[in-house]
Amino acid sequence: MNLLDKLSFGSSAWVLTALVFSVTPVHAQGDDDQITVTGTPIEESTIALQKCIDEGCPPEQDIALSIAHAENQFIAGQYKNSEATLSRSIRRNRQFKASVPVPLSNLYRSSGVIAEHLGEANDYRRATLNVRDVLKDTLGKNDRRVLLADAEVGDSRAKLGFPDEAQRKYENVEKRALELGHTRVASFARLRQAMVRNAEWNASKNSVSALRRLEDALSQLINEPLEDSEDFVLVARVMKARVDRELGRPGATDAIIESFRAMGGTDMPTLLFQEPFARVSRGGFPIKPGLGIFQSNDVERDTTLALNKPRFVDVGFWIRKDGTTEEAEILRSQGPEGWHDAVISNIASRRYAPLSVDATSPGIFQVERYTMTARFAAHTTGTRIRRREPGFRIEKLDLTPENTEELISTEG
(Lines give C-alpha, C1' and ligand atoms only; values in the text may rest on other atoms or scores of the structure.)
Protein backbone atom coordinates (compact mmCIF):
# COMPACT_ATOMS: atom_id res chain seq x y z
CA MET A 1 0.00 0.00 0.00
CA ASN A 2 1.44 3.38 -0.92
CA LEU A 3 1.49 6.35 1.43
CA LEU A 4 -1.39 8.16 -0.21
CA ASP A 5 -3.53 5.03 -0.28
CA LYS A 6 -3.02 4.73 3.47
CA LEU A 7 -4.19 8.29 3.91
CA SER A 8 -6.96 8.53 1.34
CA PHE A 9 -10.53 8.88 2.53
CA GLY A 10 -11.54 5.97 0.36
CA SER A 11 -9.07 3.47 1.72
CA SER A 12 -9.63 0.87 4.41
CA ALA A 13 -7.34 0.62 7.39
CA TRP A 14 -7.85 -3.10 7.77
CA VAL A 15 -4.81 -5.32 8.34
CA LEU A 16 -5.25 -8.57 6.44
CA THR A 17 -3.80 -11.34 8.60
CA ALA A 18 -5.15 -14.42 6.89
CA LEU A 19 -5.96 -14.64 3.19
CA VAL A 20 -7.60 -17.19 0.99
CA PHE A 21 -4.60 -16.48 -1.20
CA SER A 22 -1.62 -14.26 -0.49
CA VAL A 23 0.68 -13.02 -3.22
CA THR A 24 4.05 -12.15 -1.78
CA PRO A 25 6.06 -9.35 -3.47
CA VAL A 26 9.22 -10.82 -4.96
CA HIS A 27 12.67 -9.28 -5.22
CA ALA A 28 14.01 -12.21 -7.20
CA GLN A 29 17.28 -12.54 -9.09
CA GLY A 30 16.96 -13.23 -12.79
CA ASP A 31 14.28 -12.63 -15.35
CA ASP A 32 11.61 -15.05 -14.14
CA ASP A 33 8.67 -13.24 -12.58
CA GLN A 34 8.12 -15.74 -9.79
CA ILE A 35 5.14 -15.34 -7.46
CA THR A 36 4.98 -17.18 -4.15
CA VAL A 37 1.43 -18.13 -3.23
CA THR A 38 0.60 -18.93 0.39
CA GLY A 39 -2.53 -18.73 2.48
CA THR A 40 -4.91 -20.19 5.06
CA PRO A 41 -7.83 -22.12 3.55
CA ILE A 42 -11.23 -20.83 4.59
CA GLU A 43 -12.14 -24.30 5.88
CA GLU A 44 -9.26 -24.12 8.37
CA SER A 45 -10.23 -20.69 9.66
CA THR A 46 -13.82 -21.93 10.06
CA ILE A 47 -12.71 -24.87 12.19
CA ALA A 48 -10.25 -22.80 14.24
CA LEU A 49 -12.86 -20.18 15.12
CA GLN A 50 -15.56 -22.72 16.00
CA LYS A 51 -13.13 -24.67 18.19
CA CYS A 52 -12.23 -21.46 20.01
CA ILE A 53 -15.90 -20.62 20.61
CA ASP A 54 -16.74 -24.15 21.78
CA GLU A 55 -13.87 -24.17 24.26
CA GLY A 56 -14.56 -20.68 25.55
CA CYS A 57 -11.17 -19.31 24.55
CA PRO A 58 -9.97 -15.90 25.83
CA PRO A 59 -11.59 -12.87 24.16
CA GLU A 60 -8.36 -11.71 22.51
CA GLN A 61 -7.99 -15.09 20.79
CA ASP A 62 -11.66 -15.10 19.81
CA ILE A 63 -11.30 -11.65 18.25
CA ALA A 64 -8.12 -12.54 16.35
CA LEU A 65 -9.64 -15.73 14.91
CA SER A 66 -12.90 -13.92 14.08
CA ILE A 67 -11.08 -11.20 12.12
CA ALA A 68 -8.93 -13.80 10.34
CA HIS A 69 -11.98 -15.82 9.32
CA ALA A 70 -13.94 -12.71 8.29
CA GLU A 71 -11.03 -11.66 6.10
CA ASN A 72 -11.05 -15.08 4.44
CA GLN A 73 -14.78 -14.77 3.82
CA PHE A 74 -14.41 -11.25 2.45
CA ILE A 75 -11.68 -12.20 0.01
CA ALA A 76 -13.73 -15.23 -1.08
CA GLY A 77 -16.53 -12.79 -1.97
CA GLN A 78 -18.73 -13.75 1.00
CA TYR A 79 -19.27 -10.18 2.18
CA LYS A 80 -22.48 -10.82 4.13
CA ASN A 81 -20.99 -13.87 5.86
CA SER A 82 -17.96 -11.79 6.77
CA GLU A 83 -20.22 -9.15 8.26
CA ALA A 84 -22.06 -11.79 10.28
CA THR A 85 -18.83 -13.29 11.61
CA LEU A 86 -17.68 -9.92 12.90
CA SER A 87 -21.10 -9.01 14.33
CA ARG A 88 -21.30 -12.25 16.30
CA SER A 89 -17.79 -11.73 17.65
CA ILE A 90 -18.70 -8.20 18.74
CA ARG A 91 -21.72 -9.54 20.65
CA ARG A 92 -19.53 -12.17 22.35
CA ASN A 93 -16.67 -9.88 23.28
CA ARG A 94 -17.91 -6.32 23.83
CA GLN A 95 -18.42 -7.11 27.52
CA PHE A 96 -14.64 -7.53 27.82
CA LYS A 97 -13.92 -3.98 26.67
CA ALA A 98 -11.86 -3.12 29.78
CA SER A 99 -9.41 -6.01 29.29
CA VAL A 100 -9.04 -6.01 25.48
CA PRO A 101 -9.73 -2.44 24.28
CA VAL A 102 -7.31 -2.44 21.32
CA PRO A 103 -8.36 -5.85 19.89
CA LEU A 104 -12.02 -4.90 20.35
CA SER A 105 -11.46 -1.58 18.58
CA ASN A 106 -9.84 -3.49 15.70
CA LEU A 107 -12.92 -5.71 15.58
CA TYR A 108 -15.16 -2.67 15.23
CA ARG A 109 -12.80 -1.21 12.63
CA SER A 110 -12.97 -4.41 10.55
CA SER A 111 -16.75 -4.30 10.81
CA GLY A 112 -16.67 -0.75 9.46
CA VAL A 113 -14.65 -1.84 6.44
CA ILE A 114 -17.19 -4.51 5.54
CA ALA A 115 -20.00 -1.99 6.02
CA GLU A 116 -18.30 0.33 3.51
CA HIS A 117 -18.16 -2.39 0.89
CA LEU A 118 -21.77 -3.35 1.50
CA GLY A 119 -22.95 0.23 1.16
CA GLU A 120 -24.11 0.41 4.79
CA ALA A 121 -23.18 4.03 5.52
CA ASN A 122 -24.83 4.13 8.95
CA ASP A 123 -23.10 0.94 10.07
CA TYR A 124 -19.78 2.34 8.87
CA ARG A 125 -20.38 5.56 10.79
CA ARG A 126 -21.35 3.71 13.99
CA ALA A 127 -18.39 1.33 13.75
CA THR A 128 -15.96 4.25 13.46
CA LEU A 129 -17.50 5.93 16.51
CA ASN A 130 -17.29 2.65 18.42
CA VAL A 131 -13.58 2.36 17.62
CA ARG A 132 -13.01 5.78 19.17
CA ASP A 133 -15.31 5.28 22.15
CA VAL A 134 -13.88 1.89 23.16
CA LEU A 135 -10.37 3.33 23.26
CA LYS A 136 -11.43 6.58 24.91
CA ASP A 137 -13.39 4.81 27.67
CA THR A 138 -10.49 2.50 28.55
CA LEU A 139 -7.31 4.42 27.70
CA GLY A 140 -8.39 7.99 28.45
CA LYS A 141 -8.94 10.90 26.11
CA ASN A 142 -5.24 11.89 25.98
CA ASP A 143 -3.88 8.58 24.67
CA ARG A 144 -2.40 8.93 21.17
CA ARG A 145 -4.49 5.98 19.96
CA VAL A 146 -7.63 7.84 20.97
CA LEU A 147 -6.49 10.90 19.02
CA LEU A 148 -5.87 8.73 15.95
CA ALA A 149 -9.29 7.13 16.34
CA ASP A 150 -10.79 10.61 16.53
CA ALA A 151 -9.07 11.37 13.23
CA GLU A 152 -10.73 8.22 11.83
CA VAL A 153 -14.07 9.72 12.81
CA GLY A 154 -13.04 12.73 10.73
CA ASP A 155 -12.27 10.37 7.85
CA SER A 156 -15.76 8.93 8.05
CA ARG A 157 -17.33 12.39 7.95
CA ALA A 158 -15.24 13.31 4.91
CA LYS A 159 -16.08 10.11 3.11
CA LEU A 160 -19.79 10.40 3.87
CA GLY A 161 -19.92 13.90 2.41
CA PHE A 162 -19.38 16.25 5.36
CA PRO A 163 -15.97 17.86 4.71
CA ASP A 164 -16.54 20.82 7.04
CA GLU A 165 -17.18 18.48 9.96
CA ALA A 166 -14.09 16.49 9.02
CA GLN A 167 -11.98 19.65 8.88
CA ARG A 168 -13.10 20.70 12.36
CA LYS A 169 -12.36 17.23 13.70
CA TYR A 170 -8.84 17.25 12.23
CA GLU A 171 -8.16 20.74 13.59
CA ASN A 172 -9.22 19.62 17.05
CA VAL A 173 -7.02 16.52 16.87
CA GLU A 174 -4.05 18.62 15.76
CA LYS A 175 -4.56 21.08 18.62
CA ARG A 176 -4.83 18.38 21.26
CA ALA A 177 -1.88 16.44 19.85
CA LEU A 178 0.36 19.51 19.96
CA GLU A 179 -0.69 20.22 23.55
CA LEU A 180 0.20 16.64 24.53
CA GLY A 181 3.46 16.51 22.54
CA HIS A 182 2.30 13.90 20.03
CA THR A 183 3.97 15.52 17.03
CA ARG A 184 3.41 12.65 14.60
CA VAL A 185 -0.29 12.62 15.37
CA ALA A 186 -0.39 16.39 14.86
CA SER A 187 1.33 16.01 11.48
CA PHE A 188 -1.11 13.27 10.57
CA ALA A 189 -4.01 15.59 11.36
CA ARG A 190 -2.41 18.40 9.33
CA LEU A 191 -2.08 16.10 6.35
CA ARG A 192 -5.72 15.10 6.67
CA GLN A 193 -6.65 18.78 6.57
CA ALA A 194 -4.61 19.16 3.40
CA MET A 195 -6.52 16.27 1.89
CA VAL A 196 -9.82 17.99 2.66
CA ARG A 197 -8.45 21.07 0.89
CA ASN A 198 -7.36 18.87 -2.01
CA ALA A 199 -10.87 17.41 -2.33
CA GLU A 200 -12.31 20.92 -2.17
CA TRP A 201 -10.03 22.06 -4.99
CA ASN A 202 -10.78 18.96 -7.08
CA ALA A 203 -14.47 19.78 -6.85
CA SER A 204 -13.85 23.28 -8.20
CA LYS A 205 -10.65 23.50 -10.23
CA ASN A 206 -11.40 27.11 -11.16
CA SER A 207 -11.47 28.27 -7.54
CA VAL A 208 -8.41 30.41 -6.81
CA SER A 209 -9.23 30.52 -3.10
CA ALA A 210 -9.52 26.70 -2.89
CA LEU A 211 -6.14 26.34 -4.59
CA ARG A 212 -4.60 28.87 -2.20
CA ARG A 213 -5.94 27.01 0.85
CA LEU A 214 -4.56 23.73 -0.49
CA GLU A 215 -1.14 25.18 -1.27
CA ASP A 216 -0.97 26.86 2.15
CA ALA A 217 -1.74 23.55 3.87
CA LEU A 218 0.92 21.70 1.86
CA SER A 219 3.44 24.49 2.39
CA GLN A 220 3.05 24.24 6.16
CA LEU A 221 3.73 20.50 6.07
CA ILE A 222 6.74 20.84 3.76
CA ASN A 223 8.36 24.02 5.08
CA GLU A 224 7.41 23.84 8.77
CA PRO A 225 7.71 20.12 9.58
CA LEU A 226 7.13 18.90 13.10
CA GLU A 227 9.51 16.53 14.86
CA ASP A 228 9.69 12.93 13.58
CA SER A 229 7.39 13.63 10.64
CA GLU A 230 9.63 13.06 7.62
CA ASP A 231 7.21 10.61 5.99
CA PHE A 232 4.39 13.14 6.18
CA VAL A 233 6.61 15.69 4.47
CA LEU A 234 7.15 13.09 1.74
CA VAL A 235 3.42 12.63 1.25
CA ALA A 236 2.89 16.40 1.13
CA ARG A 237 5.62 16.71 -1.54
CA VAL A 238 3.91 14.01 -3.60
CA MET A 239 0.58 15.81 -3.26
CA LYS A 240 2.16 19.10 -4.31
CA ALA A 241 3.74 17.44 -7.35
CA ARG A 242 0.30 16.15 -8.36
CA VAL A 243 -1.16 19.63 -8.03
CA ASP A 244 1.68 21.10 -10.09
CA ARG A 245 1.15 18.43 -12.72
CA GLU A 246 -2.56 19.24 -13.00
CA LEU A 247 -1.75 22.96 -13.26
CA GLY A 248 0.61 22.26 -16.13
CA ARG A 249 3.69 23.43 -14.28
CA PRO A 250 6.58 21.91 -16.25
CA GLY A 251 8.95 19.50 -14.59
CA ALA A 252 7.02 18.97 -11.36
CA THR A 253 6.61 15.21 -11.71
CA ASP A 254 10.07 14.69 -13.22
CA ALA A 255 11.65 16.63 -10.36
CA ILE A 256 10.11 14.50 -7.64
CA ILE A 257 10.96 11.28 -9.51
CA GLU A 258 14.56 12.44 -9.70
CA SER A 259 14.57 13.25 -5.99
CA PHE A 260 13.42 9.72 -5.18
CA ARG A 261 16.01 8.29 -7.53
CA ALA A 262 18.72 10.35 -5.84
CA MET A 263 17.59 8.89 -2.50
CA GLY A 264 18.18 5.41 -3.88
CA GLY A 265 14.50 4.65 -4.36
CA THR A 266 11.84 3.54 -1.89
CA ASP A 267 11.34 0.22 -0.13
CA MET A 268 7.56 0.36 -0.53
CA PRO A 269 5.34 1.41 -3.43
CA THR A 270 4.77 5.17 -3.34
CA LEU A 271 2.23 6.34 -5.90
CA LEU A 272 3.16 9.67 -7.50
CA PHE A 273 0.32 10.06 -9.98
CA GLN A 274 -2.34 8.28 -12.01
CA GLU A 275 -4.88 9.24 -14.61
CA PRO A 276 -8.51 9.44 -13.48
CA PHE A 277 -10.88 6.62 -14.31
CA ALA A 278 -11.86 6.86 -17.96
CA ARG A 279 -15.51 7.28 -18.89
CA VAL A 280 -16.93 3.89 -19.83
CA SER A 281 -20.43 2.50 -20.04
CA ARG A 282 -21.61 -0.74 -18.55
CA GLY A 283 -25.30 -1.26 -19.06
CA GLY A 284 -26.22 2.31 -18.17
CA PHE A 285 -23.47 2.87 -15.57
CA PRO A 286 -20.92 5.39 -16.92
CA ILE A 287 -17.97 6.13 -14.66
CA LYS A 288 -17.44 9.80 -13.94
CA PRO A 289 -13.75 10.56 -14.53
CA GLY A 290 -11.77 10.86 -11.32
CA LEU A 291 -14.63 10.06 -8.96
CA GLY A 292 -14.86 6.30 -9.09
CA ILE A 293 -18.65 6.71 -9.06
CA PHE A 294 -21.20 5.16 -11.38
CA GLN A 295 -24.52 6.81 -12.19
CA SER A 296 -27.59 4.71 -12.91
CA ASN A 297 -30.88 5.52 -14.58
CA ASP A 298 -32.11 1.97 -14.02
CA VAL A 299 -34.02 2.04 -10.72
CA GLU A 300 -34.40 -1.74 -10.62
CA ARG A 301 -30.64 -2.11 -10.37
CA ASP A 302 -30.62 -0.02 -7.21
CA THR A 303 -32.70 -2.37 -5.06
CA THR A 304 -31.27 -4.45 -2.22
CA LEU A 305 -31.62 -7.70 -4.13
CA ALA A 306 -29.77 -6.37 -7.17
CA LEU A 307 -26.56 -5.95 -5.17
CA ASN A 308 -26.86 -8.81 -2.68
CA LYS A 309 -24.08 -10.62 -4.51
CA PRO A 310 -20.90 -8.49 -4.37
CA ARG A 311 -19.40 -7.21 -7.61
CA PHE A 312 -15.64 -7.19 -7.36
CA VAL A 313 -12.41 -7.75 -9.22
CA ASP A 314 -8.94 -8.68 -7.92
CA VAL A 315 -6.12 -7.25 -10.03
CA GLY A 316 -2.45 -8.22 -9.86
CA PHE A 317 0.28 -6.12 -11.43
CA TRP A 318 4.03 -5.50 -11.28
CA ILE A 319 5.67 -2.28 -10.19
CA ARG A 320 9.04 -2.19 -11.93
CA LYS A 321 12.26 -0.67 -10.61
CA ASP A 322 11.67 2.60 -12.49
CA GLY A 323 8.19 2.98 -10.97
CA THR A 324 6.16 2.04 -14.04
CA THR A 325 3.51 -0.69 -13.96
CA GLU A 326 3.27 -3.72 -16.21
CA GLU A 327 1.30 -6.91 -16.75
CA ALA A 328 -1.88 -5.91 -14.93
CA GLU A 329 -4.24 -8.87 -15.04
CA ILE A 330 -7.54 -9.99 -13.59
CA LEU A 331 -6.88 -12.67 -10.98
CA ARG A 332 -10.48 -13.21 -9.96
CA SER A 333 -13.80 -11.48 -10.41
CA GLN A 334 -17.47 -11.75 -9.61
CA GLY A 335 -20.38 -10.03 -11.30
CA PRO A 336 -20.54 -7.94 -14.51
CA GLU A 337 -17.20 -7.27 -16.16
CA GLY A 338 -17.84 -4.16 -18.24
CA TRP A 339 -16.10 -1.84 -15.74
CA HIS A 340 -12.91 -3.91 -15.41
CA ASP A 341 -11.10 -2.26 -18.33
CA ALA A 342 -11.34 1.11 -16.55
CA VAL A 343 -9.53 -0.37 -13.55
CA ILE A 344 -6.80 -1.91 -15.73
CA SER A 345 -6.32 1.38 -17.61
CA ASN A 346 -6.08 3.30 -14.37
CA ILE A 347 -3.36 0.97 -13.08
CA ALA A 348 -1.47 1.17 -16.38
CA SER A 349 -1.38 4.97 -16.11
CA ARG A 350 0.26 4.99 -12.69
CA ARG A 351 3.77 6.14 -11.93
CA TYR A 352 5.33 5.12 -8.64
CA ALA A 353 8.56 6.37 -7.11
CA PRO A 354 11.63 4.39 -8.26
CA LEU A 355 12.17 1.28 -6.13
CA SER A 356 15.30 0.41 -4.19
CA VAL A 357 15.55 -3.10 -5.63
CA ASP A 358 18.35 -4.92 -7.42
CA ALA A 359 18.65 -4.17 -11.13
CA THR A 360 17.83 -7.81 -11.97
CA SER A 361 14.68 -7.86 -9.80
CA PRO A 362 11.30 -7.93 -11.57
CA GLY A 363 10.05 -5.42 -9.00
CA ILE A 364 7.14 -5.71 -6.58
CA PHE A 365 3.92 -7.57 -7.25
CA GLN A 366 0.74 -5.88 -6.00
CA VAL A 367 -2.75 -7.30 -5.55
CA GLU A 368 -5.73 -4.97 -5.17
CA ARG A 369 -9.46 -5.65 -4.65
CA TYR A 370 -11.97 -3.31 -6.31
CA THR A 371 -15.60 -3.56 -5.24
CA MET A 372 -18.45 -1.84 -7.06
CA THR A 373 -21.08 -0.94 -4.48
CA ALA A 374 -23.74 1.65 -3.69
CA ARG A 375 -24.88 3.08 -0.40
CA PHE A 376 -28.39 2.56 0.84
CA ALA A 377 -30.51 5.68 0.57
CA ALA A 378 -31.21 7.39 3.88
CA HIS A 379 -34.93 7.61 3.11
CA THR A 380 -37.19 5.90 0.59
CA THR A 381 -40.76 6.87 -0.11
CA GLY A 382 -43.68 4.75 -1.27
CA THR A 383 -42.08 1.42 -0.31
CA ARG A 384 -40.62 -0.48 2.60
CA ILE A 385 -38.02 -2.06 0.35
CA ARG A 386 -34.61 -0.58 1.01
CA ARG A 387 -33.14 1.06 -2.06
CA ARG A 388 -29.66 2.17 -2.86
CA GLU A 389 -28.52 5.58 -3.99
CA PRO A 390 -28.11 5.94 -7.79
CA GLY A 391 -24.38 6.62 -7.47
CA PHE A 392 -22.30 3.44 -7.59
CA ARG A 393 -18.91 3.63 -5.86
CA ILE A 394 -15.64 1.75 -6.28
CA GLU A 395 -14.03 0.74 -3.00
CA LYS A 396 -10.38 -0.31 -3.19
CA LEU A 397 -8.44 -2.49 -0.75
CA ASP A 398 -4.80 -3.51 -0.98
CA LEU A 399 -4.50 -7.29 -0.54
CA THR A 400 -0.70 -7.41 -0.71
CA PRO A 401 0.30 -8.75 2.73
CA GLU A 402 3.59 -6.87 3.03
CA ASN A 403 1.82 -3.56 2.39
CA THR A 404 -0.73 -3.73 5.20
CA GLU A 405 1.32 -1.97 7.88
CA GLU A 406 -0.22 1.32 8.95
CA LEU A 407 1.60 4.62 8.51
CA ILE A 408 0.88 5.28 12.17
CA SER A 409 0.42 2.15 14.25
CA THR A 410 -2.57 2.11 16.55
CA GLU A 411 -1.09 -0.65 18.69
CA GLY A 412 1.05 1.44 21.01
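Because the model is predicted, local features need pLDDT of at least 70 and side-chain atom pairs count only at pLDDT 80 or more, while totals for chains, interfaces and linings use all residues.

**The whole chain**

Display the protein chain as a cartoon, where 13 helices and 10 strands can be found; helices (H or I, at least four residues) and strands (E, at least two) are DSSP runs, numbered from the N terminus. Of its 412 residues, 52% count as buried, where buried means under 20% relative accessible area, exposed over 50%, and partly exposed in between, with a 1.4 Å probe and protein chains only.

**Helices α5 and α6**

Select residues 101-118, which form helix α5, and residues 121-139, which form helix α6: the two pack at an angle of about 170 degrees, with their axes 8 Å apart. The axes are lines fitted to C-alpha atoms, for helices over the stretch in contact, and the angles run from 0 to 180 degrees between N-to-C directions. The pair is therefore roughly antiparallel, a label given to angles over 145 degrees.

**Helices α10 and α11**

Next select residues 208-223 (α10) and 230-246 (α11), which pack at an angle of about 150 degrees with their axes 8 Å apart, and which are therefore also roughly antiparallel to each other. The contact is made by Leu211, Leu214, Leu218, Leu221 and Ile222 of α10, together with Val233, Ala236, Arg237, Met239, Lys240 and Val243 of α11. Sorted by class, it has nine nonpolar, no polar and two charged residues.

Stay here and pick aspartate 228, in the loop between α10 and α11, where phi is positive at about 60 degrees although the residue is not a glycine. Most residues other than glycine have a negative phi. Aspartate 228 counts as partly exposed, at 42% relative accessibility.

**Glutamate 327**

Move to strand β7 (residues 325-334) and pick glutamate 327, another non-glycine residue with a positive phi, here about 55 degrees. Its relative accessible area of 46% makes glutamate 327 partly exposed.

Select glutamine 167 in helix α8 (residues 163-180), which counts as buried at 8% relative accessibility. Leaving out residues up to four places away in sequence, glutamine 167 touches Gln193, Val196 and Arg197.

Finish at aspartate 62 in helix α3 (residues 59-75), buried at 5% relative accessibility. Beyond its neighbours within four places in sequence, aspartate 62 is in contact with Leu49, Cys52, Ile53, Cys57, Ser89, Arg92 and Asn93. For a distance check, aspartate 62 and lysine 51 are 9.8 Å apart in space, C-alpha to C-alpha, and 11 residues apart in sequence.

Terms used. Residues are numbered from 1 along each chain as its sequence is written. Side-chain values use heavy atoms; hydrogens and water are left out. Angles under 35 degrees count as roughly parallel, over 145 as roughly antiparallel, 65 to 115 as roughly perpendicular and the rest as oblique. Contact means heavy atoms within 4.5 Å. Ala, Val, Leu, Ile, Met, Phe, Trp, Tyr, Cys and Pro count as nonpolar, Asp, Glu, Lys and Arg as charged, and the others, Gly among them, as polar.
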